[in-house]
Amino acid sequence: MSSRQPRILICGNLVWAHEEAKQLFNGLADIVVMDSPNRPDFLAGLKTGGKYDGIVGIYRHNTSADRIGVFDKEIIDALAETGTVKWIAHNGAGYDQIDVFRCAEKGINVSNTPGAVDDATATTALYLVISCLRNYAWAEQSLRQGTFKSVLNPGRAHDVTGRTLGILGLGGIGLRLAHLVHAFPMRVIYHSRNKSANAPEWCKYVDSVEELCRESDVLSLHVPLRDETVHLVGENEIRAMKKGSVIVNTARGKVIDEEAMIRALADGHLSSVGLDVYPNEPLVNPRLLEFPQNVLLPHMGTENQDSQRHMEVRALTNLRDFLRNGQGNDLVPELRSRL
Amino acid sequence: MLPRVLLCGEIEYVQDELKKMFHGIAEIVHLVSESRSHFLSSFGPGGPYEGTVALYRRNACSEAIGKFDAPLIYALADTTMVRWIAQSGGGYDEIDVQACKEKGILVSNTPGANEDATATATLYLMLSCLRHFSMAERSLRSGTWKIPYNAAQTHDITGRTLGILGLGGIGQRFAHLAHAFPMRIIYFSRRKAESVPDWCEYVSSIEELCRQADILSLHVPLNQSTAGMIGEKEIRTLQRGSVLLNTSRGRIVDQEAMIRALEDGHLSSVGLDVYPDEPRVDPRLLTFPQCTLLPHIGGESAEAWRTRELQALGNLRAFVLGGVGEDIVPELKIAIGSSTTLY
């Protein structure tokens, strides 16, 4: 290995794509694995002569936050300080753990892995839609508690076919979910900041969140977490929904006002919620567990080996392309305007 | 006096329609018996079921009067005027149709009424088994977040091969839902189905189906030729790590062979809505956390119940009005000389 090769830092261990990583960077860069137990150690390592000195790009996974925290202003500033780090290849569709605006100011580019997660996350949302409408998770609890189906009321369970699914945010995941439920078919409507050019003709645009809520039997959230999407679905939106509606959230917990959602569950305005994400993971508000009809997954959105390998390779490929061509494909929208 | 029809199991979703459908045609009587002997002795003069010519039947009535086995059918045929049993539901394995055939009692079911609901349940079980969703939810509810969930044991649905045994209404509906991903879909039925989409590939034996499928899903009715149809040999023909789904009837599968395959990891998980001895569930099944176990609610939704009740009552009404109802079960179509039978 040549010591003159650039170095890249794996920040949040690879689980699946070790072989692919070797092949991608063979002859291009040396791979260094971030082994800092805490933030001070990480920051010290970035300094001249430190163990991460000379890093030009970083592969990042959210698991690294357990040790060094999120990529906030402090970390971004330290990366900028090195003068060498120019690319953060984040593994995941959501990059709310990276201060991308600070990155923009400091001249560091950020890529994510759009598309790689669409199928797995949309499948998770489909599971939640079915389970909420049909009370399947509740049914399985009943069986496992030894009461078979005696606590269930089939009058509460509804067919998926023919109901209206409202999709908030018709990006890759939302579009993929639309496609999967169209097989039943469900009636699919959506609202996004912009009308989507990719939307099929059976996927109807409505021009406000409120209108979306008013028409939906099931509301499914597919917007990234940003300042302007925090509590995007709050008391007003939930009460605009019909009584007995369902909310499914596979995006980020903070997109919903959890207190308003729990109030609506308590008074029956919402018949159930299907959640894969929570405001303070891995903490789950214990009041959510009091409703047996809720379906509560522990942030499984993309967790399966096929998708995870795919995502690791996609993130690493962005980093490889940056090294080879100066730019990776999946630059996040906030940074695209700079180029 | 109007003929009477007896509801063996209550109508829950279409009570208004019930009144309209039989107004001026038949008198509705309700099951009041709490034992089989009371039931069979109540059709005589002065009895609560006197004058009954047809029965509406739900499986729930077995709790009071038992299954419609041969002795019950013989007694009905020999001592009452009942000549039609309108079963509410697709499955009619709780009725001894051979005894009905001998004695000239016809049986209708409600094919199609719960196809969508049951295919949806099967889709749910498939998603849950491949992705370990139900296991993950139990982990969250028990306070351990996603431990012991392991992504290495889970898979995307897209691109896997789904093997469907029995391409009737439910099997076709499930194929259609799974095709959205898409999955590769193969099937085996007693005969090659007609008007099947070209992406749905016929294989010529159960063995071949098992050899190719990542997920095997069962959609055959329970009868003498299908009981134990999936046994040790078929399960071991599946690839190691395959998934077995059953939303048809528990006895189609040799449960002991299935549990052995779960124990040694040949089957990675099973998704079940049906069991050989419901409502009993073999406690060993509960020891495999990756399995998804529903309490026979595949066909249960408000919409499916409504459709099923209307369809069963429609069959009953047609019999009372014209002597022959719709939806006679295949085994009995021969009995009335129908050429529409598939057998």
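How many residues does the contact take from chain A, and how many from chain B? The model is a predicted one, so local features need pLDDT of at least 70 and side-chain atom pairs count only at pLDDT 80 or more, while totals for chains, interfaces and linings use all residues. Residues are numbered from 1 along each chain as its sequence is written, and chains are lettered from A in the order in which they are written.

The contact takes 44 residues from chain A and 42 from chain B, with two residues counted as touching if their C-beta atoms, placed from the backbone, lie within 7 Å. On the chain A side, helix 6 gives the largest share, 8 residues. Helices here are DSSP runs of H or I with at least four residues, and strands are E runs of at least two, numbered from the N terminus.

Helix 6 of chain A also meets helix 8 of chain A: A:D118 and A:L126 are among the residues on one side, A:G172 and A:V181 among those on the other. The two axes, lines fitted to C-alpha atoms over the stretch in contact, come within 8 Å and cross at roughly 50°.

Turning to chain B, there are 13 helices and 12 strands. The radius of gyration of chain B, taken over C-alpha atoms, is 22 Å, close to the 20 Å from the globule rule (2.2 Å times the number of residues to the power 0.38) for 343 residues, so chain B is as compact as a globular protein of that length. The C-alpha trace of chain B spans about 70 × 50 × 35 Å along its principal axes.

Key: Axes fitted to C-alpha atoms, helices over the stretch in contact; angles between N-to-C directions.
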